[in-house]
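Welcome! Here is a short briefing to read alongside the structure, one topic at a time.

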Amino acid sequence: MLPNDDDLENFEAHGAAPLPVTSDQGYVDHDGARIWFATYGAGSPVILLHGGLGHSGNWGYQVPMVVGLGRRVILIDSRGHGRSTRNLRPFTYELMASDVLAVMDALHLEKAAVVGWSDGACIALVLAMQAPARIAGVFFFGCNMDPSGTKEIIPSPTIDRCFSRHAKDYAALSATPDQFMAFVDAVGLMMKTEPNYTASDLADIHTPVAIVQSEHDEFIKLEHAKYLAGSIPGAELFLLPGVSHFAPLQRPEQFNGVMRSFLDKVLA
């Protein structure tokens, strides 16, 4: 059994579970940035995209599960996050989606399922819009696709603990360890102004999509998740009881169960 961490005290102190050891990792130079990646296991590829301000190590409870299903996991640190660098270009979800395609090209991946958490979910759905032939399915957890989907953020100890862990990890991993607050401001600007996709845009998505929403998400409205599921043809809506925006860390067994079912379906 994986541990529960509803208040993120363990995550703040120690981070997620350590990632498995791999010899298959490196960087792809793309559009002014060096994008870090790592792969684990073998089989049908599954790309895991982390949330804003975080990094791929936040998937520590999910990687062994997906590898155990006989899949190949690809982790990617979004530009400016974790081990990946950035230049002075503003962050956009479309730019980060193009980074994912650059990694796929470097690894000769014709097609992959994509699991996205928060900003990573938005990137995943952008990929489904812009490169549908490359995306087998999108597991979209905890994000919005237009500004109406966000809540007014209410500070809480749980959010503070997550932010504290992100700051520690940025200092340990980044090529610019003293620039965390500038990084936060740049990502925050993107979050305030993007994404801006319409119902018509969503209706053009024909990739299998699961919209996954936590009962107590601090940032995304439940009504917005329902709207996304109703606007994307064939999309399914899954609600996770008792958890928040940090469900993959809080109750990984619960999160992994829904994720496993989706991957079994799209990679059958």
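Phe-180 has a relative accessibility of 9%, so it counts as buried, because the limit for that label is under 20%. Keep in mind that this is a predicted model. Let's begin with the aromatic rings around this residue and then move on to charges, strands and the surface.

- What kind of aromatic pair do Phe-180 and Phe-183 form? The pair is tilted, with 6.1 Å from centre to centre and 45° between the planes.
- The whole structure contains 11 aromatic pairs.
- Another of these pairs joins Phe-91 and Phe-183: their ring centres are 6.2 Å apart and their planes meet at 70°, so this pair is edge-to-face.
- Phe-91 comes from the loop between β4 (71-76) and α3 (93-106), while Phe-183 is in helix α6 (residues 180-193), so the pair ties together parts that are 92 residues apart in sequence.
- Like Phe-183, Phe-91 is buried.
- If you enjoy spotting rings, look for the aromatic cluster made by Trp-59, Trp-117, Phe-139, Phe-141, Phe-255 and Phe-262.

**Charges over rings**

- Arg-34 lies over the face of Tyr-27, at 4.2 Å from the ring centre.
- Over the ring of Trp-36 you will find the charged end of Arg-83, 4.2 Å from the ring's centre.

- Is strand β4 mostly covered or mostly open? Strand β4 is mostly covered, as 6 of its 6 residues are buried.
- Arg-71, Val-73 and Leu-75 point one way from β4, whereas Arg-72, Ile-74 and Ile-76 point the other way; all are buried.
- Strand β2 (residues 33-40) runs antiparallel to β4, and 4 bridges join the two.
- Tyr-40 stands opposite Val-73 in β4.
- Strand β3 (residues 44-49) runs parallel to β4, and here the number of bridges is 6.
- Ser-44 has Arg-71 as its bridge partner in β4.

**A nonpolar patch on the surface**

- Which residues form a nonpolar patch on the surface? They are Leu-222, Leu-237 and Leu-239, which together have about 220 Å² of accessible area.
- Leu-239 is part of strand β8 (residues 236-240).
- With a relative accessible area of 47%, Leu-239 is partly exposed.

Methods. Residues numbered from 1 in each chain as written. Predicted model: local features only at pLDDT ≥ 70, side-chain atom pairs only at ≥ 80, totals over all residues. Heavy atoms only, no water. Patch = residues over 30% accessible without salt bridge, like charges linked within 9 Å, V, L, I, M, F, W, Y side chains within 5 Å. Areas by Shrake-Rupley, 256 points an atom, 1.4 Å probe, with all protein chains shown as cover. Salt bridge = Lys/Arg side-chain N within 4 Å of Asp/Glu carboxyl O. Buried < 20%, exposed > 50% of the residue type's maximum accessible area, 1.4 Å probe, protein only. Phe/Tyr/Trp six-rings, centres within 6.5 Å; stacked < 30°, edge-to-face > 60°. Lys NZ or Arg CZ within 6 Å of the ring centre and 35° of its normal. Pairing = 2+ DSSP bridges.
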